Amino acid sequence: MKYGVSYYPEHKTEEERKADLALLKQSGINTVRMGEFAWCRMEPSEGNFSFGWLEEVVEELGEAGIRTILCTPTACPPAWLVEKHPDILYMDNRRIRRPFGGRRHYCYNHETYRAYSVRIAEEMARAFAGNPYVAGVQIDNEPAQEGTGRCCCPVCEEKFRAYLRQEYGSIENFNRRSGSIFWSQEYEDFSQIPLPVNTIETGARNLIDAYYENPTLRLQFERFCSRSQKEYQDLQAKALRRYLQVPVTTNATGLATNSIDYYDSTEGLDRYAFDFYPSLRDAEVDSFPYAFARGVKDGTPFWVLEFMSGGGHRLGGSGRLQPNPGAMKQAVVQSMAHGGEMMLHFQFRTYPFGAEQLNYAIVDMDGIPRRRYREMQETAELLRKLEPLEGAAFPGEAAVCFDYDSHWALRIKPVNDPAFHYVDYCGKLYHYLENIGVTADVVSLKRDWSRYRVVILPAAIIMSPEQQEKVRHYVEQGGTVVATFLTSVKNEDNVGYTQSLPAGLTKVFGSVVEEVEPVFEENHTKLRLCMESYEALCHMEETEDNLLETSDGLWSELLGGVSETLGSYTEGYKEGAKVVSAFSYGRGRAYYVGTDLEPEACRIFLKGVMKEAGVRRSLVEREEGVELVTRRGHEEDYLFLFNFTARETEVKLPAGCRDYLTGKPLGEKCRIARNGILIAGFSNKSAAGGRTGSYGRTV
Ligand code: GAL
């Protein structure tokens, strides 16, 4: 694993740099990330390039075994460039230009800015061509972050119109497909189409509240901005590859911002990389962003280019808590367990100046190494011991589908807001699987699903006819789909289907949605999972009389149709109405879950689904807050356990495990320290090729 920090040699005096480099070399890390934001040193005036200062540091670290991730500096266009071309400045949805003085003040669509960006990237690549100490390149810094993903300048407006022309061919077609007749918005020409004034962008504000714009236009603007960012990155990637043969990527913001469709935007990049700042103080580090990261490029290992390094002051906030001792180490190993190939802390030494002055880092402003530095050293050492595990496979039997169109559409026109959020809901289902011992992947609607036994499809509100066909084919061929409420409601234009819901899929699910409503406090309704008809659930000890009393949540869909009833309402006017259904279609099974089941009910339901589909579960008894990740080696499964509870914990393992780090056999009951890690190896030989696991009983 590549492990290290971000470092800013351009900030340091000669003396400070010397001391920092000495510490870096003693730390045991093998990677540093440098250069982003340093345009004014790389090209102090137009056309005068200077990389010697950076090369010196790269060389010195390289000779000590530390390789560099070079960054293009384009998140910070320098003063001379902005002075000469003020029209490259970013314009937000209020049509206000972002002035020089912060960062990310540029329009990614502007041809002038694109040309300058390509040139600096190319010059940097030329300067480092053949340098053995360069391990990779990061383009820009956090594209779209801090409300810079929806530029509304005149250049963007023109390009958006051209994009629509390309997508729809004629204005008549656009009018028809977008329903422009609504509120008298039909256009005679693409040149009349405005950019939406309201935005779903994180960090930006709506220009006019209660101003409801055409949902097709808004979704198209999301797609357009995302594609524009991709174009901008790809131009830089192409320039870099003229001289450098190392992986090229950019640091995304994971599931935090989501202004960019990363499935699409990373197609021209070698890795998906992201930045992640979870709390490390008595908190569980959410692994859903990691599972997502692994799925972005279909299983390619991901990079975390910025990760927590400590607490104290922070940018634009009241501060950040220090991590518990051991929590950084634990979090780094957790990311490796989930498929991380690189983890770099942000950053090495606290800045005394600039917008991020005083902010947390591994080493404080005075340059004296303290506990976080020592923990980084220990982590580097531990990672070396874990290297053999890096190639272990993921079970790859179950997946959760995460899709950008549905995510964007559900923010443009929210459902049960703020209780229901698409990203959170996908994460919730992913975590239920983790709770029952299934390490799931995250997939897009576009990727091949054939390797999975089960795909969970949460609230896929937008589905094109091709995507419906994909689901149908998958089930027909023997796959199991668990779709939730809000499936296939609108088409790719973000326009509702006029056939019965789930549109195009009623035959696959055997269910038809007959009535829908949000679930609030006042209409929370009891239901029963009726399992008589459901063989897999019938024998479950958790149930009495094969019935599980529970209640609905978030959204409610009453189902008709020929499907089996697994869940039905037991009160009010909904009494007797079907809300959870199962149906055999082709060689597969299709479940429709018309509401958000309570956690325990949902876990029980999912256990039944996994059993029926032959998905192996790793059975480790543990309390909430202890995460389990399963990796599959040739001879052994590796059960990674992370104790995120704020105390010591005890887990019950399947018999026959050994401690991977000591090689010693493990008893059935094991204690894991607060913020501790246990890696148990467990022979999987007898399981080879089997449908059910070699360990544990499946219930
Ligand atoms: C990230 C950014 C870094 C730094 C960090 C927090 O979003 O990429 O440059 O600002 O946040 O300090």
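In the predicted model, an oxygen atom of the ligand lies 2.8 Å from an N or O atom in the side chain of R103. The corresponding distance is 2.9 Å for the side chain of E306 and 3.4 Å for that of Y360; a polar contact is a pair of N or O atoms within 3.5 Å, and within protein one atom must be able to donate a hydrogen and the other to accept it, while residues adjacent in sequence count only if both atoms are side-chain atoms. Of the 310 Å² of accessible area that the ligand has on its own, the protein covers 92% (Shrake-Rupley method, 1.4 Å probe; for residues, only the protein chains shown count as cover). The ligand is surrounded by F37, R103, N141, E142, D275, Y277, E306, L315, F346, E356 and Y360, where a residue is near a molecule or strand if one of its heavy atoms lies within 4 Å of it. This shell comprises five nonpolar residues, one polar residue and five charged residues (nonpolar: Ala, Val, Leu, Ile, Met, Phe, Trp, Tyr, Cys and Pro; charged: Asp, Glu, Lys and Arg; polar: the others, Gly among them).

Residues are numbered from 1 along each chain as its sequence is written. As the model is predicted, local features need pLDDT of at least 70 and side-chain atom pairs count only at pLDDT 80 or more, whereas totals for chains, interfaces and linings use all residues; side-chain values use heavy atoms, with hydrogens and water left out.

Eight strands form a closed barrel in the order β1-β2-β3-β4-β5-β6-β7-β8, with parallel pairing. Two strands pair if DSSP finds at least two bridges between them; helices (H or I, at least four residues) and strands (E, at least two) are DSSP runs numbered from the N terminus. On average, neighbouring strands of this sheet are turned by 30° against each other, direction ignored. Axes are lines fitted to C-alpha atoms, for helices over the stretch in contact, and angles run from 0 to 180 degrees between N-to-C directions. Strands β6 (residues 273–276) and β7 (residues 302–307) pair in parallel over four bridges, and D275 has E306 in β7 as its bridge partner. Both D275 and E306 also belong to the surroundings of the ligand. Helix α12 (residues 327–337) packs on the sheet and touches β1 (2–6), β7 and β8 (340–345), its direction making about 150° with that of β8; contact means heavy atoms within 4.5 Å. Helix α13 (residues 371–386) also packs on the sheet, touching β1 and β8, at about 155° to the direction of β1.

An open sheet of four strands has the order β20-β21-β25-β23 and antiparallel pairing. Strands β20 (626–632) and β23 (658–659) stand at its edges with a single partner strand each, so one side of each is left without a neighbour in the sheet. Strand β21 (residues 636–643) is joined to the antiparallel strand β25 (residues 677–683) by seven bridges, and D637 stands opposite F682 in β25.

Most residues other than glycine have a negative phi, and most peptide bonds are trans. The peptide bond between D417 and P418 is cis, with omega about 5°; P418 is in the loop between α14 (404–412) and α15 (422–435). A cis peptide bond also runs from L501 to P502, with omega near -5°, and P502 lies in the loop between β12 (480–484) and α17 (506–509). D140, which is not a glycine, has a positive phi of about 60° and is located in the loop between β4 (134–139) and α6 (154–168).
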